[in-house]
Amino acid sequence: MNGYSHFASSQRASSSRQAVPKVSDERLEEIKEAFDLFDTNKDGFIDYFELKVAMRALGFDQKKSEVVSVLERYGKPDGDQIGLEGFTVAMSEKISARDPVDEYRKAFKLIDENNSGRITVAHLRRIARELGEDIKDDELQAMIEEFDVDNNGGISEQEFIKIMTSGH
């Protein structure tokens with residue numbers, strides 16, 4: 001168990017601290033990495049501006065009032081800074097509250113960059129290239145055909161959500 005996993009586990013067990021909502025160890029590591037990245041002076045705390053950017057890095061583009069609310073609820077008593085423990089609790093709560101279907105819709109829109117309403121071989125080819133994967137077009141086409149229920153040559157948003165929620 002790495003040091004952060006031990007820290008997070010001890011947080012969950014401690015009744016004197018705020019409980020960390022259940023999120024994966026991978027998510028906890030992402031939270032810690034975001035905190036560490038924006039704790040530029042390495043004092044164990046981040047201020048309002050660093051918090052706003054760290055939250056954005058984790059996928060939360062928050063308004064000023066929401067960032068201030070996080071500082072007030074989870075930060076130091078003066079409300080000017082937040083430590084790793086408070087940041088972990090706050091971000092874990094936000095991650096836990098996400099609606100997976102909304103997240104799948106966002107992912108679909110990122111893949112369907114030309115807003116065609118479907119994911120095609122061209123989209124998959126681009127993603128494979130961005131990930132450094134060498135996948136032949138016939139393999140990509142087979143992926144599309146396997147899940148293209150309405151046979152329109154692409155994966156619709158509904159088909160994509162069904163794939164993501166069925167564990168296919």
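**A walk around helix 7**

Let's start with Asp134, which counts as exposed because its relative accessibility is 74%. Here, "exposed" means over 50% relative accessible area, "buried" means under 20%, and "partly exposed" is in between, using a 1.4 Å probe and protein chains only. The areas themselves come from the Shrake-Rupley method with a 1.4 Å probe, and for residues only the protein chains shown count as cover.

A quick word on what you're looking at. This is a predicted model, so local features need pLDDT of at least 70 and side-chain atom pairs count only at pLDDT 80 or more, while totals for chains, interfaces and linings use all residues. Residues are numbered from 1 along each chain as its sequence is written, and side-chain values use heavy atoms, with hydrogens and water left out.

So where does Asp134 sit? You'll find Asp134 in the loop between helix 7 and helix 8. Helices (H or I, at least four residues) and strands (E, at least two) are DSSP runs, numbered from the N terminus. Asp134 also belongs to a surface patch of negative charge, together with Glu133, Asp138 and Glu139. Patches are built from residues with over 30% relative accessible area and no salt bridge; like charges are joined within 9 Å, and nonpolar side chains (Val, Leu, Ile, Met, Phe, Trp, Tyr) within 5 Å. Asp and Glu count as negative, Lys and Arg as positive, and His and the chain ends are not counted. Each charge is placed at CG of Asp, CD of Glu, NZ of Lys or CZ of Arg.

Now step back to helix 7 itself, residues 121-130, where Val121, His123, Arg126 and Ala128 are buried. Their cover includes helix 6 (100-111), strand 3 (118-119) and helix 8 (137-147), with contact meaning heavy atoms within 4.5 Å. After helix 7 comes Gly132, with a positive phi near 75 degrees.

Next, the salt bridges. Side chains of opposite charge can pair when their charged atoms come close. The rule asks for a side-chain nitrogen of Lys or Arg within 4 Å of a carboxyl oxygen of Asp or Glu, and the count comes to 12 salt bridges. In one of them, Arg126 pairs with Glu113, with 3.1 Å between the closest N and O atoms. Arg126 is in helix 7 and Glu113 is in the loop between helix 6 and strand 3, so this pair ties together parts that are 13 residues apart in sequence. Arg126 is buried at 14% relative accessible area, whereas Glu113 is exposed at 52%.

Another salt bridge joins Asp137 and Arg125 at 3.0 Å, N to O. Since Asp137 lies in helix 8 and Arg125 in helix 7, the pair ties together parts that are 12 residues apart in sequence. Asp137 is partly exposed at 39%, and Arg125 is partly exposed at 33%.

Finally, look at two loops. Asn115 has a positive phi of about 55 degrees although it isn't a glycine, and it lies in the loop between helix 6 and strand 3. Asn115 is exposed, at 66%. Lys42, also not a glycine, has a positive phi of about 55 degrees; Lys42 is in the loop between helix 2 (25-38) and strand 1 (45-47), and is exposed at 57%.
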